[in-house]
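Have a look at the chain below. This report walks through its sheet, some of its helices and its paired rings.

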Amino acid sequence: MSKLAPSILSADFSRLAEQIALIEQGGADYVHMDVMDGAFVPNITFGGPVVKSVAGRTSLPFDVHLMIERPELRIPDFVTPQTEFIVVHQEACVHLHRVIQQIKDLGVKAGVALNPATPVSTLEYVLPYLDLVLVMSVNPGFGGQKFIPFAMDKIALLADIRKKKGLDYVIEIDGGVNLSNAAAIKNAGCDILVAGSAVFGAADVPERVREFQAILK
């Protein structure tokens, strides 16, 4: 069974706690938080204060995706009692192994994200230390983009490496996920599917979450 992590990037920020309550009502597994700095990616979203403001307002664990330069300077800002994963980008970390250890030392599971053009091979030496690998299936920075098909090959490769080497990281995908492609993504070996506009753009958000969960069982 795969899990669903709705991204609040597509939520109504004027009603953020209420929007998170809707995905919890529908049975979501995580709250996915896309943090953007306007430098690593062209958009700006929110920072640590927003993450901390919704901690305690939901029982869902947080999956924090840092699309920021020099994440090692900001990682502690996103640690809350509900933060399960903090995910940094391979492309943003000069000393990736050190950053992974920094996250783990804070008592949080460590993940690394790969942009569409970044090969899985760049993680060869750190895969044993990772709790999660995030495959970007769009170029990061904006919601509502179309799914890039070759992301499926990266999921399958990560699943194959995990099996052959006896590793235990989970595989996550983010970008262009919807009801039409969710089953194929799950079957490729993906454990966590991030969906933004496909969830929060629905007229009935809890029901849309339930529709996803019916596919991911």
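A residue counts as buried when its relative accessible area is under 20%, and as exposed when that area is over 50%. With a relative accessible area of 3%, F85 is therefore buried. The model is a predicted one.

One pairing can be followed in detail. Strand 3 (residues 62–67) runs parallel to strand 4, and four bridges join them. Here F62 stands opposite T83 of strand 4.

**Aromatic pairs**

How many aromatic pairs are there? The count comes to two. Ring centres must lie within 6.5 Å to pair, and planes under 30 degrees apart would be stacked, over 60 edge-to-face.

| Pair | Centre to centre | Angle between planes | Type |
|---|---|---|---|
| F13 and F46 | 5.7 Å | 45° | tilted |
| Y30 and F85 | 5.8 Å | 55° | tilted |

The pair of F13 and F46 links distant parts of the chain, 33 residues apart. F13 sits in the loop between strand 1 (3–6) and helix 1 (16–26). F46 sits in the loop between strand 2 (31–36) and helix 2 (48–54). F13 is partly exposed, at 39% relative accessibility. F46 is buried, with a relative accessible area of 8%.

The pair of Y30 and F85 also links distant parts of the chain, 55 residues apart. Y30 lies in the loop between helix 1 and strand 2, while F85 belongs to strand 4 (residues 83–89). Y30 is buried, at 6% relative accessibility. F85 is buried too, at 3%.

**Helix 3**

Which residues of helix 3 (residues 96–105) are buried? They are L96, V99, I100 and I103. These residues cover an arc of only 100° around the axis, so they lie on the same side of helix 3. The buried residues of helix 3 pack against strand 4 and strand 5. On the other side of helix 3, R98 and D105 are exposed. Just after helix 3 comes G107, with a positive phi of about 80°.

**Helix 4**

Helix 4 (residues 151–165) has 15 residues. At 1.5 Å a residue, helix 4 should span 21 Å. Its end C-alpha atoms are 21 Å apart, which agrees.

The buried residues in helix 4 are A151, K154, I155, L158, A159, I161 and R162. Their arc around the axis is only 160°, so they sit on the same side of helix 4. What covers them? Strand 5 (109–114), strand 6 (132–136), strand 7 (170–174) and helix 5 (182–187) are among the elements that do. D153, K163 and K164 are exposed, on the other side of helix 4. Just after helix 4, G166 takes a positive phi of about 65°.

How values were computed
Residues are numbered from 1 along each chain as its sequence is written. This is a predicted model: local features need pLDDT of at least 70, side-chain atom pairs count only at pLDDT 80 or more; totals for chains, interfaces and linings use all residues. Side-chain values use heavy atoms; hydrogens and water are left out. Rings of Phe, Tyr and Trp (its six-membered ring) pair if their centres lie within 6.5 Å; planes under 30 degrees apart count as stacked, over 60 as edge-to-face and the rest as tilted. Helices (H or I, at least four residues) and strands (E, at least two) are DSSP runs, numbered from the N terminus. Buried means under 20% relative accessible area, exposed over 50%, partly exposed in between (1.4 Å probe, protein chains only). The expected span of a helix is 1.5 Å times one less than its number of residues. The arc is that of the directions from the helix axis to the C-beta atoms. Contact means heavy atoms within 4.5 Å. Two strands pair if DSSP finds at least two bridges between them.
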